[in-house]
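Welcome! Please keep the structure open as you read.

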Amino acid sequence: MSTFGQELRSQRISRGIALEQITAVTKISQRHLVALEQDRYQQLPGGILSKGIVRGYVSALGLDTRDWTDRFLKATHQIGLTVDTPDNGWATFASNVGKERIQRREAMEIRLRWIGAAVLVAIVAVAGYLTVRYVGVRAGWWSSVVPVPAKAEAVVSHLASWLKH
């Protein structure tokens, strides 16, 4: 029984394709292609990059990429090398980045809502105060609600007379 690398090499030779041609087409290092043919998977970059090398090599030969990628994964698992893990670091990293951005955006929206509510309450309070004061000054009862010194009372009465005009 031949190994994955031997089968791959025999497919390449039967098609009359040199490693240099595959390197020129796929831009994959010839060193990695030789390592793949010699079943030295530890010399490959690892993870999804190794699968990409296999896919590029196999597609350059015109073979079924899914079938050969599955064969590659089985061959690496047989020697105890894990190339493709279901919870690889990149997927987790990308997922966490997305979650963090969403959480940050939601936290900012909540802060903006509270700030908006506080500003609205302040505006309503100031408008209410000014309205009550205006009505009180015009009706003449404001000075009895809020006792003011004589100088301030003169200013208030001056303003009230000015507002009546």
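Where is the place of arginine 12? Arginine 12 sits in helix H1, which covers residues 4-14. Helices here are DSSP runs of H or I with at least four residues, strands are runs of E with at least two, and both are numbered from the N terminus.

Before going further, a word on the model: it is predicted, so local features need pLDDT of at least 70 and side-chain atom pairs count only at pLDDT 80 or more, while totals for chains, interfaces and linings use all residues. Residues are numbered from 1 along each chain as its sequence is written, and side-chain values use heavy atoms, with hydrogens and water left out.

Is arginine 12 buried or exposed? Arginine 12 counts as buried because its relative accessibility is 8%; buried means under 20% relative accessible area, exposed means over 50%, and partly exposed is in between (1.4 Å probe, protein chains only). Leaving aside residues up to four places away in sequence, arginine 12 touches Ile17, Ala18, Leu19, Ile22, Glu37, Tyr57 and Leu61. A contact of this kind means heavy atoms within 4.5 Å.

A polar atom of the arginine 12 side chain lies 3.0 Å from the backbone oxygen of isoleucine 17. The side chains of arginine 12 and glutamate 37 are also joined by a polar contact of 2.6 Å. A polar contact is a pair of N or O atoms within 3.5 Å; within protein, one must be able to donate a hydrogen and the other to accept it, and residues adjacent in sequence count only if both atoms are side-chain atoms.

**Salt bridges**

Side chains of opposite charge can pair when their charged atoms come close. How many salt bridges does a search of the whole structure find? The search finds five, where a salt bridge is a side-chain nitrogen of Lys or Arg within 4 Å of a carboxyl oxygen of Asp or Glu. Among them are these:

| Salt bridge | N to O distance |
|---|---|
| Glutamate 37 and arginine 12 | 2.6 Å |
| Aspartate 67 and arginine 71 | 3.4 Å |
| Glutamate 100 and arginine 104 | 3.2 Å |

Glutamate 37 lies in helix H3 and arginine 12 in helix H1, so this pair ties together parts that are 25 residues apart in sequence. Glutamate 37 is buried, at 7% relative accessibility.

Aspartate 67 and arginine 71 are four residues apart in helix H5, so about one helical turn separates them. Aspartate 67 is partly exposed, with a relative accessible area of 31%, and arginine 71 is partly exposed too, at 33%. Aspartate 67 and arginine 71 also belong to a network of salt bridges that links them with Glu7.

In helix H6, glutamate 100 and arginine 104 are likewise four residues apart, about one turn of the helix. Glutamate 100 counts as partly exposed, with 43% relative accessibility.

**Helix H4 and its cover**

Helix H4 runs over residues 47-61. Its 15 residues should span 21 Å at 1.5 Å a residue, and its end C-alpha atoms are 22 Å apart, which agrees; the expected span is 1.5 Å times one less than the number of residues.

Which residues of H4 are buried? They are Ser50, Lys51, Ile53, Val54, Gly56, Tyr57, Val58 and Leu61. The cover over these buried residues includes H1, helix H2 (19-26), helix H3 (30-37) and helix H5 (65-78). Just after H4, glycine 62 takes a positive phi of about 85°.

**Two loop residues**

Most residues other than glycine have a negative phi. Lysine 27 is not a glycine, yet has a positive phi of about 65°. Lysine 27 is in the loop between H2 and H3 and is exposed, with a relative accessible area of 69%. Aspartate 39, also not a glycine, has a positive phi near 60°. Aspartate 39 is in the loop between H3 and H4 and is partly exposed, at 21% relative accessibility.

**A nonpolar patch**

Val132, Tyr134, Val135, Trp141, Val145, Val155, Leu159, Trp162 and Leu163 make a nonpolar surface patch of about 830 Å². Helix H6 (89-139) and helix H8 (150-164) are the elements that give two or more residues to the patch, and H8 gives the largest share, four residues. Valine 135 lies in helix H6 and is partly exposed, at 42% relative accessibility.

Patches are made of residues with over 30% relative accessible area and no salt bridge; like charges are joined within 9 Å, and nonpolar side chains (Val, Leu, Ile, Met, Phe, Trp, Tyr) within 5 Å. Accessible areas come from the Shrake-Rupley method with a 1.4 Å probe, and for residues only the protein chains shown count as cover.
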